[in-house]
Amino acid sequence: RTQAEMAHTCRGTINLSTAHIDTEDSCNIVLSNGGRTYHLKANSEVERQRWVTALELAKAKAIRMRNNQSDDSGDEEPASQSDKSELHGTLKTLSSKLEDLSTCNDLIAKHGAALQRSLSELENLKLPAESGEKIKAVNERATLFRITSNAMINACRDFLDLAETHSRKWQRALQYEREQRIRLEETIEQLAKQHNSLERACRGAPGLSSGSTGITSTAKGSVQSAKGEASDEDEETEYFDAMEDAPAFITVTADPKHHRRSGSNLSGASEGHPEDWNLEDSVFESSNQSSYNESTCKDLLPKKRRRTRIPDKPNYSLNLWSIMKNCIGKELSKIPMPVNFNEPLSMLQRLTEDLEYHELLDKAVKCESSTEQMCFVAAFSVSSYSTTVHRTAKPFNPLLGETYELDRLEEFGFRSLCEQVSHHPPAAAHHVYSKRGWTLWQEITIASKFRGKYLSIMPLGAIHLEFHSSGNHYVWRKVTSTVHNIIVGKLWIDQSGEIEIVNHKSKDKCQLKFTPYSYFSRDVPRKVTGVVSDADGKAHYVMSGTWDEKMECSKIVQSSHGSTSTEGKQKTVYQTLSPKVLWKKYPLPENAENMYFFSDLALTLNEPEERVAPTDSRLRPDQRLMESGRWDEANVEKQRLEEKQRAVRRRREAEAVEALEEGKDYEGYIPLWFERKVDAVTGELICVYKGGYWEAKDKQDWSTCPDIF
């Protein structure tokens, strides 16, 4: 088998072409490749040397095989009769040459025997002793010559037998690869036909009814899916089969003329124009987004001029299939990828990009009601996905110990710090402090799988947000991101799943549902819906919108039980006031399509800054070269950095083995600015900021930072 075949069929396989073979002592062998290390022990030093020799020969053979493999994408034509004739012709030529060699061997043997007879006759003659010794030496050399010739002929015969044997194996392997390619082409063609038929079906489908049916929920107010449910509010509504979950609850906008305000009772009616409901909840802005911008622009004007563009993305072609065919089923973080798949930002910077709409948290600080505050926190949790709608490129995997700071204390009132605290699995710790009254921290581990047609990215870990004055502590987790059309078609990203935001002080909850995209759906794409409820399960607000554009909040003035579904769940109808826009996405800058679709904040994240730590992502050379458009140099630099990191990991593994042999404890890598603690709220072991970074920056004392670049 080839090394590529072995990598797909055997668990625990080590690729010899890139393996490192070392000897510890007289009997031990260490075989390592990346994160996998095998310790082998021989019975004796002689046996160990035999194994080392065999492994080195096998490694050389593997390297030759790897170098001889062609980097094509399977575009060759099916096997033809001429190909077979050419192969048989080659074997015939080899046989002919072997016969020539055999003839030469016979001649050599014949003449060699005659030469030896002549030399034997010379030995029998009475010659001086010195001459006899010389004749004897010539005779021995002639014997060696005959033996060597016979060995050469035998080797050639063995080669011919081997070629005949392997030619059949090569034919079978080649035929298998061709069948796989044909099967893949048929699958892609079938998918394309299905895509076209679905598009035609969607274009020909009747329009939606203009009824007010929108969202559904169970009687408890939690967002749950209920297949096949439908409201009986309108008997004339025509329904169509749909391959999707039914909406989770129903909302009906209340008529303001039939409601009167009754003190602070949330189910009371607002008087006059429905816009009046934001007078009671003074932090909510009206649906006119301009008023929001006017009220905050003075406070948010930056004091430092930041860059507004980066060099345009170069147009480099890449053989995608030749790279990805060996990646199926593997962990994405363990696959060496060229920078052609990346964007010039690290994962730490992408994590910091979640703070683009930090002003939502500044406004949440001013809320007196915890349920009202929950609405802003929910909008903030959704806003972090708005930058992903066009961003199909992969961020750089941070090196272990890499950091990223975003100090906007004077401009926006917050400062952020990220550190890569683990490499396998990749994990990043993040801490944000705002002098406007909130602190956010998280440790995110990215799990990702390439499934052939799509890529799933599952962020693991909880996000914590605490408001200083009220002590409200919110916790939530991210949803799954999916990158579609990996093999064929235009790449696009979807977010799906549910987010449950819990206020661990007041026990308020918000359940948000990210509806996955469906060809058969009649909803707007990228839809997000949810309900904010208090500790008793009473619903106060309905959240609605899309994760790529805006989120709105509607106050519930009355709720009633609707029909019972076939699954026995009783739906709830929420009567709400007019929605208010809590968050709306900023427009992308001009020429964004040529700048990786970066937002205004993303354009500034990799801007060079002075006084940052030597481990900061802004100083990473391969990322900087890629941003400048020098991708070939960036690929070389990326390989150098990764190999340097592997060398450090091998040294750390060796230290761990040595400590184990000596019976000592080995702590492994210890984060520099974060420490592991058990979270009092979730009970999970997470990395939290232990302090010291900003003090070190003030002193410009980076002596404790590792050399990773």
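## Strand, cores and surface patch

In this predicted model, Lys-527 is part of strand 17. Its relative accessible area is 15%, under the 20% limit, and Lys-527 is therefore buried. The side chain of Lys-527 makes a polar contact of 3.5 Å with the side chain of Asp-523.

Lys-527 is also among the residues touched by Phe-514.

Phe-514 belongs to the largest nonpolar core, which has 64 residues. Together with Trp-438, Leu-465, Trp-476, Ile-501, Leu-512 and Met-543, Phe-514 touches the most other members of this core. The greatest contribution to this core comes from helix 10 (residues 370-383), which supplies eight residues. Another core, of 13 residues, lies apart from it and includes Ala-613, Trp-673, Tyr-693 and Trp-702.

The loop between strand 16 (509-514) and strand 17 (527-533) holds Phe-520. With Tyr-517 and Tyr-519, Phe-520 makes a nonpolar surface patch of about 280 Å². Phe-520 counts as partly exposed because its relative accessibility is 36%, which lies between the limits of 20% and 50%.

The table sets out the two residues for which an accessibility is stated.

| Residue | Relative accessible area | Class |
|---|---|---|
| Lys-527 | 15% | buried |
| Phe-520 | 36% | partly exposed |

Terms used:
Residues are numbered from 1 along each chain as its sequence is written. This is a predicted model: local features need pLDDT of at least 70, side-chain atom pairs count only at pLDDT 80 or more; totals for chains, interfaces and linings use all residues. Side-chain values use heavy atoms; hydrogens and water are left out. Patches are made of residues with over 30% relative accessible area and no salt bridge: like charges are joined within 9 Å, nonpolar side chains (Val, Leu, Ile, Met, Phe, Trp, Tyr) within 5 Å. Accessible areas come from the Shrake-Rupley method with a 1.4 Å probe; for residues, only the protein chains shown count as cover. A salt bridge is a side-chain nitrogen of Lys or Arg within 4 Å of a carboxyl oxygen of Asp or Glu. Helices (H or I, at least four residues) and strands (E, at least two) are DSSP runs, numbered from the N terminus. Buried means under 20% relative accessible area, exposed over 50%, partly exposed in between (1.4 Å probe, protein chains only). A nonpolar core is a set of buried Ala, Val, Leu, Ile, Met, Phe, Trp, Tyr and Cys residues joined through side-chain atoms within 4.5 Å. Contact means heavy atoms within 4.5 Å. A polar contact is a pair of N or O atoms within 3.5 Å; within protein, one must be able to donate a hydrogen and the other to accept it, and residues adjacent in sequence count only if both atoms are side-chain atoms. Lists of a residue's contacts leave out its neighbours within four places in sequence.
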